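Subject: Structure handover

Hello,

Here is the structure I promised to pass on. Please open it first, then read the notes below it.

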Amino acid sequence: MSYQKLSRDQIAERVAQDIPDGAYVNLGIGLPTKISNYLPADKDVFLHSENGLLAELINAGKEYVTMLTGGSFFHHGDSFAMMRGGHLDIAVLGAFQVAANGDLANWHTGAADAIPAVGGAMDLAVGAKKVFITTDHNTKQGEPKIVEALSYPATGLKCVDRIYTDLCVIDVTADGLKVIEKVDGLSFEELQALTGAKLIDATLA
């Protein structure tokens, strides 16, 4: 069967559909920052950024952004207090790996020449009420990013609630990884073969 992977913008648009009106949300570096482009104008969503303000107003990816009416500035310490205190409804983060039990690795591959830069990822992973992950389903080398157990240094343990990839949407549950959506033309068997952990097909439920 033939299928078309979702683009990064399509993944961002899909995540935006799941962000409820009135939510306080942190969008991580990379793909997650694109989500702001797809939030409907009739929804009031409050975007939190922990990186503060220098000469210009920027998001986590150092891209210029515009503040809307009702926005506010606060101290960097207060920003992290919001993250650690459970005041954010959703954190959307990227990932190097997600384990079957919801463990997350997204700050370091463990490579000797890699530059560790965890930033606020650990605080967001354990502080937000829900953690959404946006990622390609596989690496450029074809290795699965959704695995039975992490082989990279952990960011947070049992913290991921939902995974959005270029092939599917997966809920992390006590019963296992439940596939609730997949791209047209992709069979469940093909998806399982591209994944490093056991999946449950919930698309027919």
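This is a predicted model: local features need pLDDT of at least 70, side-chain atom pairs count only at pLDDT 80 or more; totals for chains, interfaces and linings use all residues.

**What I found**

Phe132 has Arg162 as its bridge partner in β8.

β6 and β8 run parallel to each other, paired over three bridges. β6 covers residues 130-134, and four of its five residues are buried, so the rest of the structure largely encloses this strand. β6 also pairs with strand β3 (residues 90-93), again in the parallel sense, over four bridges. Within that pairing, Ala91 is bridged to Val131 of β6.

**Arg162**

Arg162 sits in strand β8, which spans residues 162-164. Is Arg162 buried or exposed? Its relative accessibility is 18%, so Arg162 counts as buried; the cut-off for buried is under 20%. The side chain of Arg162 makes a polar contact of 2.5 Å with the side chain of Asp171. Leaving out residues up to four places away in sequence, Arg162 also touches others, including Arg14, Asp18, Val131, Ile133 and Ile180.

**Aromatic pairs**

How many aromatic pairs does the structure hold? There are three. Here are two of them.

Take Tyr24 and Phe46. Their ring centres are 4.6 Å apart and their planes are at 10 degrees, so this pair is stacked. The pair links distant parts of the chain, 22 residues apart: Tyr24 is in strand β1 (residues 24-27) and Phe46 is in strand β2 (residues 46-48). Tyr24 is partly exposed, at 40% relative accessibility. Phe46 is partly exposed too, with a relative accessible area of 38%.

Now Phe132 and Tyr164. The centres of these rings are 5.6 Å apart and the planes are at 65 degrees, so the pair is edge-to-face. Phe132 lies in β6 and Tyr164 in β8, so the pair ties together parts that are 32 residues apart in sequence. Phe132 is buried, at 5% relative accessibility. Tyr164 is buried as well, at 1%.

**The nonpolar cores**

Nonpolar side chains tend to be buried together in soluble globular proteins. Here, the largest nonpolar core has 28 residues. Which residues have the most contacts inside it? They are Leu104, Ile133, Val160, Ile163, Ile170 and Leu177. At least two residues of this core come from each of β3, α3 (121-127), β6, β9, β10 and α4 (188-193). β9 gives the largest share, three residues.

Leu177 is worth a look. Leaving out residues up to four places away in sequence, Leu177 touches Ala100, Ile146, Ile170, Asp171, Val172, Ala197, Lys198, Leu199 and Ile200. A second core is separate and has 17 residues, among them Ile19, Ile35, Leu39 and Val92.

**Thr155**

Where is Thr155? It is in the loop between β7 (146-147) and β8. Thr155 is buried, with a relative accessible area of 7%. Its side chain makes a polar contact of 2.7 Å with the side chain of Asn106. Setting aside neighbours within four places in sequence, Thr155 is also in contact with Leu104, Ala105, Trp107, Ala121, Met122 and Ala125. Ala95 is 60 residues from Thr155 along the chain, and their C-alpha atoms are separated by 9.5 Å.

**The whole protein**

The protein has four helices and 11 strands. Of its 205 residues, 41% are buried. Take the contacts between residues at least 6 apart in sequence: 62% of these join residues at least 24 apart. The protein exposes about 11000 Å², and carbon and sulfur atoms supply 53% of that area.

Go on to the contact between Arg162 and Asp171.

Best wishes

Notes:
Residues are numbered from 1 along each chain as its sequence is written. Side-chain values use heavy atoms; hydrogens and water are left out. Buried means under 20% relative accessible area, exposed over 50%, partly exposed in between (1.4 Å probe, protein chains only). A polar contact is a pair of N or O atoms within 3.5 Å; within protein, one must be able to donate a hydrogen and the other to accept it, and residues adjacent in sequence count only if both atoms are side-chain atoms. Contact means heavy atoms within 4.5 Å. Two strands pair if DSSP finds at least two bridges between them. Accessible areas come from the Shrake-Rupley method with a 1.4 Å probe; for residues, only the protein chains shown count as cover. A nonpolar core is a set of buried Ala, Val, Leu, Ile, Met, Phe, Trp, Tyr and Cys residues joined through side-chain atoms within 4.5 Å. Rings of Phe, Tyr and Trp (its six-membered ring) pair if their centres lie within 6.5 Å; planes under 30 degrees apart count as stacked, over 60 as edge-to-face and the rest as tilted.
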